[in-house]
Amino acid sequence: MASHRVFVANRGEIGLRIVRAAHALGMEAVIGVSEADRGSLAAREADRAVVLGPGPAAKSYLDARLIVQAALSTGCDLLHPGYGFLSERAELARLCEEHGIAFVGPRPDVIDALGDKLRARAMAEAAGVPLVPGTGEIASAADAVRAAAEIGYPVLLKASAGGGGRGMVIAHDAKEVEAGFAKASAEALAAFNDGTLFMERFVPEARHVEVQLMGDGKGHVIHFGERDCSVQRRYQKLVEEAPCAAMSAQLRAKLHEAAVALAASVNYRNAGTAEFLYDVARQEVYFIEVNARIQVEHPVSEMISGFDLVQEQLRIATGAPLSLTQDQVVLSGHAIECRINAEDWQRDFMPVPGTVTRWKAPQGEGVRLDSHITEGATIPPYYDSMVGKLIVHGASREEAVAKLGEAIAGFEVEGVPTTLPLHAKIVSQPDFMANRIHTRWLEKTVLAGAME
Amino acid sequence: MSGKDTISDIERLIAEFEASGLRELHARRGDFEIYLSNDPDAPGLDGPPSVSAPVARGRQAAAKAPAASAPAPASPAVAAPAPEASFPDGAVVVRAPYLGTFYRAPKPGAPAYVEVGQQVAQDSEMCLVEVMKLFTAVRASCSGTVHAVLANDGDMVAADQPLFVVIPA
């Protein structure tokens, strides 16, 4: 691996993570930074840092041509996009391909296909992956009642042209479907000039589960188990754990199999995540989408597998085969990650840039911190507010929850507000400790009480 | 200039520039042009230069002088606000809700929300201010006529910085 040089097209904790993974493999790392990040830890640890442009991401981290040019001019043969920014833009993967740089991710046509929700659903269906039970276009209220009986209540009537909740009605019985059909159709007609409706099963208290995948691009795909990311606010994940302790071994096996089948059907290359909705009441999972990149929460899968996913990403990009077989992926214990954002969660999660004047992270067996922050580091106003991820590993979920609580209590941060106090609150909730959570749980309980 | 020679030429030039103690260097050869500066706020060439000075080449260099010439990223150059005394009597000043980037249009290339001379209502959206991906629409807060626009599109503005002057109707 010594003759390879990686261009890191990202910043923050993941930029640093990629630099360190490259060094661990004996590769050189060049990072492209904005002017605001030239003093960052990732820039200091990289073998070389080049300034892409000014602070605003549009003029630096989001300029694919500039990034590929910088990678070429610094003699890099690999390019890692991290997450966010250009990581799921086929354009960047395509430019890399055209200029002989190995993109650390899927092929551009696969990124394109998976980025289109309808095409991704069709691919999932073709691979035998379960989707939310639903209908095509519904012609009348009578048809809607018949369809609802087949799907099972409650159901969601949705406008084909819809968005933003308009033309959307939840119905719990035939009467509500009949009334809802007229209402949703009229709303959709008024809002989108198209009254066409379809129907899906509504899952009231769903969990978000996802499967970590790794493919060699030649049809071999392995998984690293699933993660449960049900603690969310406005569809943003705040706490992630592995495995999903609220799932039977039987359903888990079915979930893994479906995710691997989907990735294998497109000869998926590099790291990816298949996301699913988990209907706990029915003990069923439904496909949502594939994230064609490494994810923020990948460390929980690393903690239970003892395997470095980012290093594997880099190895695969050099053309190496998968370095282990499915049998060799052994998952043990339980891991939980909480995202530390520079936000004032009591002021509606207002992000706060500034200087970190104190940063004393907890240490200990099974405690990991992925962060680019050190005392005196500045958080620029241009990028997202995540400043680190605190991850713990325990023999059981109970042990991991207790360890996370202790780690948060021992974490000292000054200079900017963070979401750590919220995490302290979350891990001490009886519902969280007993694992009685779903994707709306945080908003309906902890936040509903605190914000009033 | 092309290929490997270009890169090593540039690297040599940068090394010489850094050793020289010069503050700025602007060189041109054929259609190739480079501008080097120790001043992070230097305007540089027109448009973003495609190759800028590497900030830390090698870990040793970085350790010696971390961010020697780096601007303080959390307090980027904030456009100087206009003196408030110059606003007409009775004018209402619309201010930034927090430190962030000022956008005059809902998206790049779209027409601005408001122009000078335009009539606005109390709840008319005047601009967006964005910090760390949080966008806030700033409203007029009174109905009247836009008298002045005090910041430029894309400027970093401070919390409470005046953005617009509205003359109430």
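Helices (H or I, at least four residues) and strands (E, at least two) are DSSP runs, numbered from the N terminus; axes are lines fitted to C-alpha atoms, for helices over the stretch in contact, with angles from 0 to 180 degrees between N-to-C directions, and contact means heavy atoms within 4.5 Å. The model is predicted, with local features requiring pLDDT of at least 70 and side-chain atom pairs counted only at pLDDT 80 or more, while totals for chains, interfaces and linings use all residues. Residues are numbered from 1 along each chain as its sequence is written, chains are lettered from A and ligands numbered from 1 in the order in which they are written, and side-chain values use heavy atoms, leaving out hydrogens and water.

Strand S6 (residues 155-159) of chain A is joined to S8(A) by five bridges in the antiparallel sense, and Lys158(A) has Phe198(A) as its bridge partner in S8(A).

Elsewhere in chain A, strand S11 (residues 236-242) takes part in two antiparallel pairings. One of them is with strand S10 (residues 221-233) of chain A, over four bridges; here the bridge partner of Val231(A) in S11(A) is Val239(A). The hairpin of S10(A) and S11(A) has two residues between the strands, and Arg234(A) takes a positive phi near 50° in it. The other pairing is with strand S14 (residues 334-341) of chain A, again over four antiparallel bridges, with Glu241(A) opposite Ile336(A) in S14(A). Six of the seven residues of S11(A) are buried, so this strand is largely enclosed by the rest of the structure. Buried means under 20% relative accessible area, exposed over 50%, and partly exposed in between (1.4 Å probe, protein chains only).

Burial also marks helix H10 (residues 298-305) of chain A, which is mostly covered, with eight of its eight residues buried. Among them are His298(A), Pro299(A), Glu302(A) and Met303(A). Just after H10(A), Gly306(A) takes a positive phi of about 70°.

The structure holds four cavities of 30 Å³ or more. On a 1 Å grid over the protein atoms alone, a cavity is a set of points where a 1.4 Å probe fits but cannot get out, and lining residues have an atom within 4 Å of a point; grid points are joined across faces, edges and corners, and a volume is the space filled by probe spheres set on the points. The second largest cavity has a volume of about 50 Å³. Its lining includes Leu114(A), Leu213(A), Tyr268(A), Ala274(A) and Val290(A), and the largest share, three residues, comes from helix H9 (residues 249-265) of chain A. By class, this lining has nine nonpolar, no polar and no charged residues (Ala, Val, Leu, Ile, Met, Phe, Trp, Tyr, Cys and Pro count as nonpolar, Asp, Glu, Lys and Arg as charged, and the others, Gly among them, as polar). Helix H9 of chain A also holds Ala253(A), which counts as partly exposed at 41% relative accessibility.

Chain B has two helices and eleven strands, following the pattern α-β-β-β-α-β-β-β-β-β-β-β-β along the sequence. Of its 169 residues, 30% count as buried. Among contacts in chain B with a separation of 6 or more, 57% come from residues 24 or more positions apart. Four strands form an open antiparallel sheet in the order S8-S7-S5-S10 (chain B), with strand S8 (134-139) and strand S10 (156-157) of chain B as the edge strands, each pairing on one side only. Strand S7 (residues 125-131) of chain B pairs with S8(B) over six antiparallel bridges, and Cys127(B) has Val138(B) as its bridge partner in S8(B).

Conventions
Two strands pair if DSSP finds at least two bridges between them. On a 1 Å grid over the protein atoms alone, a cavity is a set of points where a 1.4 Å probe fits but cannot get out, and a pocket is an open set with protein on both sides within 12 Å along at least five of seven lines; lining residues have an atom within 4 Å of a point.
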